[in-house]
Amino acid sequence: MASLQVGIVGLPNAGKSTLFNALLKKQVADTTNYPFCTIEPNKGIVEVPDGRLPVLAEIVRTQKIIPAVVEFIDIAGLVRGAHQGEGLGNQFLAQIREVAVISQVVRLFKNPDVAHVEKRLNPKADVEIVNSELILADLQTLMKQKEPRISTDKEALFRWQAIQKLKRHLDQGLLAREVSLTPAERELTKDLCLLTAKPMIYVANVGEDNLAGAVVDFDYQPVIKLSAKLEESLILLPKKEQLDYLAEYGLSEAGLSRLIKTAYETLGLISFLTAGEKEVRAWTIRKGMRAQEAAGVIHTDFAQKFIKAEVISFEDFVQDGGWANCRSLGKVRLEGRDYQIKDGEVVDFKIGA
C-alpha cells in the first residue's frame, strides 16, 4: 500500500504546531510561545477529504466509511546553523530525512506577542534560511561520499559523476530537485536521501484579518495560503457553520483540505474506491498503478490470485444507482491485470481460489 508521510517544518513560531493541531482536530501539540517547544516530533493520522465516499455509502446502504489517510509529523523549528547542530539541528534534520514530502510553514502573520526568532518579519528571507540549512545538510552528505577507485565498475563511476554534479549546483544555492539529472542519475543517487530532493509544499501562514489581501512574496511552488489560527478555530464548529465561517473570508474550502489534497497530488497519489454493504473505502495507490498491483493493496492474496477487475467510473456508479443496475446496463468494464487504475474509479476485484 502506498504511504504518505508529510513533515511540517519551518522556523520556530511560524505556526507549525498550530497547523498540526488543526489537522488533527484536537490539541495534541504544544503551542507554547518559545523556540524549540517541540522537540520530539508529534505524529498524527489525518483523513483525506473525499466527498465521493458518503455518496457511495448512501447508494450501497452502508454506515461504514473508511477514507484514505495521510500521516503528518510536526517537526521542531529549524534555525540558522541547524546543519551544524544549532538548536538541536542534527536531530531535526534526521527527522526530516524520514518523510516523503516536506511542508514548509512560512510566517506572514504579524503578532507582537509571538516572538520571531529572527526579530523581524520577512517571509522570503525565512524560506531562504530553511532551504539554505537543508542545502548545507545535503552538501555534508555529498562530501562524505568517497570517490571510487579507477578499477571500479562503470555504474559506480557514473554515480560519482552525478554526485559531483549535485555538489556543484547545491554550492550555487540550487535545491537537489532543481538540478537537471537524468532518470538514471536520480536513481543512482536516490539512496543518499537528500533533503532538498524531496517534494516541498509551502504553506503561507497569514493572519486571520489579512487572509484575502496577503501577498506571498517568494517564487517557490506549490504554495497554500491559509491562516493556521483560523483553521484551528474551525475545529469545534459543525460542518455547516464551518462553511459559513469560511464564506466570510471568501473561501469555499478549508486550507487544510487544500494542503492534504496538494500533498496527495505532489506525490502522484490517487484513490480508487470500493463500495459494498460491508463498507465504502478509498484506497491509496500511485498514479499509473496496474490493476493486479492495486488488488495487492487490499490484500497480498488478491494480487496473487487476481483474475480480473470490474471497473466503473464514480459518475456512472452514482447516476445508475449501484453495482446491479450498472452491470445490467453494461456500464461495468472487465479489465485485466495490466489495466491502469484511474482516480475515483469504483473497483471490484475478482479473485481465484
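This is a predicted model: local features need pLDDT of at least 70, side-chain atom pairs count only at pLDDT 80 or more; totals for chains, interfaces and linings use all residues.
Q: What average pLDDT does the protein have?
A: The average is 87, and 90% of the residues score at least 70.

Q: Which elements have the lowest and the highest mean pLDDT?
A: Helix H3 (residues 89-97) is lowest with a mean of 72, whereas strand E10 (residues 306-312) is highest with 98.

Q: Turning to helices H4 and H5, at roughly what angle do their axes cross?
A: The axes of H4 (residues 123-143) and H5 (residues 154-171) cross at roughly 150° and come within 10 Å. Angles over 145 degrees count as roughly antiparallel, and H4 and H5 are therefore roughly antiparallel to each other.

Q: Is that crossing left-handed or right-handed?
A: The crossing of H4 and H5 is left-handed.

Q: Which residues make the contact?
A: H4 contributes Ile135, Asp138, Leu139, Leu142 and Met143, while H5 contributes Ile163, Leu166, Lys167, Leu170 and Asp171.

Q: How many of them are nonpolar, polar or charged?
A: The contact of H4 with H5 has 7 nonpolar and 3 charged residues, with no polar ones.

Q: What does Leu170 touch beyond four places in sequence?
A: Its contacts are Ile135, Asp138, Leu139, Leu142, Leu175, Ala176, Val179 and Thr196. The C-alpha atoms of Leu170 and Asp138 are separated by 8.2 Å, with the two residues 32 apart along the chain.

Note on methods
Residues are numbered from 1 along each chain as its sequence is written. Side-chain values use heavy atoms; hydrogens and water are left out. Axes are lines fitted to C-alpha atoms, for helices over the stretch in contact, and angles run from 0 to 180 degrees between N-to-C directions. Helices (H or I, at least four residues) and strands (E, at least two) are DSSP runs, numbered from the N terminus. Angles under 35 degrees count as roughly parallel, over 145 as roughly antiparallel, 65 to 115 as roughly perpendicular and the rest as oblique. A crossing is left-handed if the near helix is turned anticlockwise from the far one by less than a right angle, and right-handed if clockwise. Contact means heavy atoms within 4.5 Å. Ala, Val, Leu, Ile, Met, Phe, Trp, Tyr, Cys and Pro count as nonpolar, Asp, Glu, Lys and Arg as charged, and the others, Gly among them, as polar. pLDDT is the predictor's confidence in each residue, from 0 to 100.
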